[in-house]
Amino acid sequence: PAAAPPAAAPAAGGGMMSGLMGSMASGMAAGVGMSVANRAVDAVMGPRQTEVVHRHEGGGAPAPAAGKCQLQQDQLNQCMTSSSDASQCQFYLDALKACQQTA
């Protein structure tokens, strides 16, 4: 009896590019689906509004503005930087508040 020829190995698809293209097509379909869903929600509930809040973090202290209470502000700042106990600066804080109320 003659031996049957060995079975051929199955083809391995298109390689890396077919996997990449399939992933890209899947991503595009998901993006389009999300876009359509967002439009549908906007049509029912109205457009969304976003608000941007800017914070001045790490930018350093702003330059002090010259004003009527500048002396009291400077004295309070000097006390706060030189003292580790904020309660020792209460007098300067009270003086600044009094000045600001009369301004």
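Buried here means under 20% relative accessible area.

**View 1. The whole chain, a predicted model, contains three helices and zero strands.** Read from the N terminus, the elements of the protein follow the order α-α-α. Of its 103 residues, 9% count as buried. The protein exposes about 9,100 Å², and 62% of that area is supplied by carbon and sulfur atoms.

**View 2. A nonpolar patch on the surface is formed by Met21, Met24 and Met28.** Together these residues have about 320 Å² of accessible area. Met21 belongs to helix H1, which covers residues 16-45. Met21 counts as partly exposed because its relative accessibility is 45%. An α-helix has 3.6 residues a turn, so residues three or four places apart point the same way.

**View 3. Helix H2 spans residues 70-82.** From its first C-alpha to its last, this helix of 13 residues reaches 18 Å, close to the 18 Å expected at 1.5 Å a residue. Which residues of H2 are buried? They are Gln70, Gln72, Leu76 and Cys79. What covers these buried residues includes helix H3, residues 90-102.

**View 4. Gln70 is found in helix H2.** Gln70 counts as buried because its relative accessibility is 17%, and the limit for that label is under 20%. The side chain of Gln70 also makes a polar contact, at 2.8 Å, with the side chain of Asp74.

Terms used. Residues are numbered from 1 along each chain as its sequence is written. This is a predicted model: local features need pLDDT of at least 70, side-chain atom pairs count only at pLDDT 80 or more; totals for chains, interfaces and linings use all residues. Side-chain values use heavy atoms; hydrogens and water are left out. Patches are made of residues with over 30% relative accessible area and no salt bridge: like charges are joined within 9 Å, nonpolar side chains (Val, Leu, Ile, Met, Phe, Trp, Tyr) within 5 Å. Accessible areas come from the Shrake-Rupley method with a 1.4 Å probe; for residues, only the protein chains shown count as cover. A salt bridge is a side-chain nitrogen of Lys or Arg within 4 Å of a carboxyl oxygen of Asp or Glu. Helices (H or I, at least four residues) and strands (E, at least two) are DSSP runs, numbered from the N terminus. Buried means under 20% relative accessible area, exposed over 50%, partly exposed in between (1.4 Å probe, protein chains only). The expected span of a helix is 1.5 Å times one less than its number of residues. Contact means heavy atoms within 4.5 Å. A polar contact is a pair of N or O atoms within 3.5 Å; within protein, one must be able to donate a hydrogen and the other to accept it, and residues adjacent in sequence count only if both atoms are side-chain atoms.
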